[in-house]
Amino acid sequence: MPEREVHVVLMVTLTVGAAMISALGPAVIQEAVVGRTTTFGAMWRRCWSRLPAVLGTVLLAGLIAGGPMLLVYAVCLPLVIMSADGSGPPAALIVLILGVLVCVPVSVWLATRFSLAPAVAVCEGLGTVAALRRSAQLVKDDWWRVFGISTLGYFVAMAVGYVIQMPFTFVGMAAFLPSMLEAGDASADPEMVIAGLGVYVICILIGGLASGLFQFGFPPLVLALLYVDLRFRKENLAESLIAASTPTDARTDAPTPPPAAPAPDQP
């Protein structure tokens, strides 16, 4: 398989995997808030059923948030390349830097406004565009709070992911360094060198997988909790949950009618 096709397949796989993890976090949080127990199979089926909507929100939100930056690069980057050859305006690089400085806050603002769209798509069953609009509605008047908490969640995910990967890296280096030192010796056993390299690669892969799962999985949980919190604050979600968990007979003032008496035996 050509290298370009491998990169495309890898990018598609990572995007779909990130969308599945983005759908899993809100699904787990919703079941926990309602107080229902669930299983891995049930969560998998639900996330798979909502995958198109969640994937659409991730891609469309990224395109909208990154649109201003892409426009600046599309306009200014050719001018910068031309100015390097002496055929373009020399101020193109300055314009590019100023354009990036202006567009970064806009992109961050848009990304925060649409950050709850995956949670909305899973918990409310809305489509891509409706989920983006709903996310913007929920984040309105609470932008700084959502931005601060979500940014902190991403930093925590990166820090904890690094801590998770460190022991695997140390174990791999401890297994690989002796074989690396022996590699320059003519009497070194090639099998030991290969074994040390194999242990190093396996440790790096396991550590990277464990770290990546946490780094990708923790932020969606934070955003799902933010979504639930905003609905509690703005839409009185608590009363809806109480009403949904209350038995039907307890919701009415009238007492539950007693069971009918058995009919008398016929002669």
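In this predicted model, six helices each supply at least two residues to the lining of the largest pocket: α1 (3–34), α3 (51–85), α4 (92–113), α5 (117–123), α7 (143–182) and α8 (190–235). Helix α8 gives the largest share of that lining, six residues. The lining has 26 residues in total, and those nearest the centre of the pocket are Ala111, Ser115, Pro118, Tyr154 and Leu223. By residue class, the lining of the largest pocket holds 17 nonpolar and nine polar residues, with no charged ones. The volume of the largest pocket is about 670 Å³.

The second largest pocket has a volume of about 150 Å³. Its lining is made up of Thr13, Leu14, Gly17, Ala18, Ile21, Leu209, Gly212, Leu213 and Phe216. Two or more of these residues come from each of α1 and α8. Helix α1 contributes the most, with five residues. Six residues of the lining of the second largest pocket are nonpolar, three are polar and none is charged.

**Aromatic pairs**

Six aromatic pairs are found in a search of the whole structure. In one of them, the ring centres of tryptophan 44 and tryptophan 48 are 6.2 Å apart and the planes meet at 15 degrees; the pair counts as stacked because planes under 30 degrees apart fall in that class. Both tryptophans belong to helix α2 (residues 40–49), where they are four residues apart, or about one turn of the helix. Another stacked pair joins tryptophan 143 and phenylalanine 147, with 5.0 Å from centre to centre and 10 degrees between the planes. Tryptophan 143 and phenylalanine 147 both sit in helix α7, again four residues apart and about one turn of the helix. An α-helix has 3.6 residues a turn, so residues three or four places apart point the same way.

Ring pairs also join Phe40, Trp44 and Trp48 into a cluster.

| Residue | Relative accessible area | Class |
|---|---|---|
| Tryptophan 44 | 45% | partly exposed |
| Tryptophan 48 | 52% | exposed |
| Tryptophan 143 | 14% | buried |
| Phenylalanine 147 | 27% | partly exposed |
| Cysteine 47 | 2% | buried |
| Cysteine 123 | 17% | buried |

Tryptophan 48 is classed as exposed because its 52% is over the 50% cut-off, whereas tryptophan 44, at 45%, is partly exposed.

**Cysteines**

The structure contains zero disulfides. Cysteine 47 counts as buried because its relative accessibility of 2% is under 20%. Cysteine 123 also counts as buried, at 17%.

**Helix α6 and the residue after it**

Helix α6 (residues 128–139) has twelve residues, so at 1.5 Å a residue it should span 16 Å. The buried residues of α6 are Ala131, Leu132, Arg134, Ser135, Ala136, Leu138 and Val139. Just after α6, aspartate 141 adopts a positive phi of about 70 degrees.

How values were computed
Residues are numbered from 1 along each chain as its sequence is written. This is a predicted model: local features need pLDDT of at least 70, side-chain atom pairs count only at pLDDT 80 or more; totals for chains, interfaces and linings use all residues. Side-chain values use heavy atoms; hydrogens and water are left out. On a 1 Å grid over the protein atoms alone, a cavity is a set of points where a 1.4 Å probe fits but cannot get out, and a pocket is an open set with protein on both sides within 12 Å along at least five of seven lines; lining residues have an atom within 4 Å of a point. Grid points are joined across faces, edges and corners, and a volume is the space filled by probe spheres set on the points. Ala, Val, Leu, Ile, Met, Phe, Trp, Tyr, Cys and Pro count as nonpolar, Asp, Glu, Lys and Arg as charged, and the others, Gly among them, as polar. A disulfide is a pair of cysteine sulfur atoms within 2.5 Å. Buried means under 20% relative accessible area, exposed over 50%, partly exposed in between (1.4 Å probe, protein chains only). Rings of Phe, Tyr and Trp (its six-membered ring) pair if their centres lie within 6.5 Å; planes under 30 degrees apart count as stacked, over 60 as edge-to-face and the rest as tilted. The expected span of a helix is 1.5 Å times one less than its number of residues.
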